[in-house]
Amino acid sequence: MSTATQATHPATLLLEDGRTFHGAGYGAIGSTVGEAVFVTAMTGYQETLTDPSYHRQVIIQTAPHIGNTGVNDEDDESSRFWAAGYVVRDAARRPSNWRSTETLDERLARQGIVGISGVDTRALTRHLRDRGVMRVGIFSGDAAMQPHAVLLEAVRGAAPMKGAQLAEEVSVGTSYIVPAKGTKKFTVAAIDLGIKTMTPAQLAERGVEVHVLPAATTPEQLRELGPDGVFFSNGPGDPATADRQVELLRSVLDDRMPFFGICFGNQLLGRALGYGTYKLRFGHRGINQPVLDRATGKVEVTSQNHGFAVDAPVDAPSTAPYDDGRYGMVEVSHVCLNDNVVEGLRCIDRPAFSVQYHPEAAAGPHDSRYLFDRFLDLMANAHDEEIH
């Protein structure tokens, strides 16, 4: 794979059902395959590309103009771009922002992300909404000159997202600490399943010392740390493969440690409680997803990125299915107003809750950042119960 940029290189996008789009190379020149997913956000492409939850996925931006503000050295949500590929309609010819340090095209090329521009992303998105997400390949330069049958074989040979175990691939290798700002109130163990930088930053702003731990952390290691609460982050892959993390979470529930999970962490709480998970037809990805908080009746506009969901009863609280109701009663606390998908869980008999979206919202609306305060309240209540 070369790091040549766009302009003179023909490119082809090929879906596994044979649907083909043509355009120009954008970013690195070469070939890539992954799961095709569309993102409805009109801004925040740098944060999207650095979200580890997009590992092994080819991002399709539905907003037509991408790259207008370039990229900078401050807005990354992790150490690198994670997407398997990148698809845009109209790529900006030059960035226009005082914070920009290079063009998006240049950084995509420098990090080896193969992309394509000049694609009718509206038609592509409508196709995926009708047929469901599927595998896709981007081929540019010499790679695009291969016979159609060869390219289609490469796409269909790509590993599907269902059954993929990816959290360990994006997790931190060794733990690190994000210190509390101001007076330290609590210590939280954040299990990195693909965590974004803004998440521990939001906790730190509230006086929490955050220990970011690898996905392979054991119950014994967690107990040795002795945190006031445990957080499970977002992340890529199929939650049905995360048996190790589910067992860790069950130890948290057994010890009655306050727990908060988001996105992948919500799916793992569902599994730990005994509910199933399933793959959505085309997922929720963007920063404009409406969610109802059933406790308050308020509608939040949320930032989301997930292709799997929890299969739990929406209409009324239910007994956690795991181990004959070991964890008591559970309610679906939030639902998506577009399709009634479970967007949050709350344990009635354990200090644990989760949401399917991103309250740190980088990028995105700040409607849901109150959830970090709710987590602090959960830890405070647990602390008061210990005293009394």
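Predicted model: local features only at pLDDT ≥ 70, side-chain atom pairs only at ≥ 80, totals over all residues.
Colleague: Is Cys263 buried or exposed?
Modeller: A residue counts as buried under 20% relative accessible area. The relative accessible area of Cys263 is 1%, so Cys263 is buried.

Colleague: Which residues does UniProt list for "active site"?
Modeller: The listing comes from an unreviewed UniProt entry. The listed residues are spread over 98 residues of sequence, yet they cluster in space, with a largest C-alpha distance of 11.4 Å. The entry names Cys263, His358 and Glu360.

Colleague: Where is His358 found, and is His358 buried or exposed?
Modeller: His358 lies in the loop between strand S20 (352-355) and helix H10 (370-387). Among its contacts beyond four places in sequence are Asp51, Lys196 and Cys263. With a relative accessibility of 2%, His358 is therefore buried.

Colleague: How are H8 and H9 oriented to each other?
Modeller: The axes of helix H8 (residues 243-254) and helix H9 (residues 264-273) come within 9 Å and cross at roughly 70°. Angles of 65 to 115 degrees count as roughly perpendicular. H8 and H9 are therefore roughly perpendicular.

Colleague: How do the residues of the contact of H8 with H9 divide into nonpolar, polar and charged?
Modeller: On H8, the contact includes Val246, Leu249 and Leu253. On H9, the contact includes Leu268, Leu269 and Ala272. The residues of this contact divide into seven nonpolar, one polar and three charged.

Conventions:
Residues numbered from 1 in each chain as written. Heavy atoms only, no water. Axes fitted to C-alpha atoms, helices over the stretch in contact; angles between N-to-C directions. Helix = DSSP H or I, 4+ residues; strand = E, 2+ residues; numbered from the N terminus. Parallel < 35°, antiparallel > 145°, perpendicular 65-115°, else oblique. Contact = heavy atoms within 4.5 Å. Nonpolar A, V, L, I, M, F, W, Y, C, P; charged D, E, K, R; others polar. UniProt positions renumbered as here; feature names shortened; annotations may be inferred. Buried < 20%, exposed > 50% of the residue type's maximum accessible area, 1.4 Å probe, protein only.
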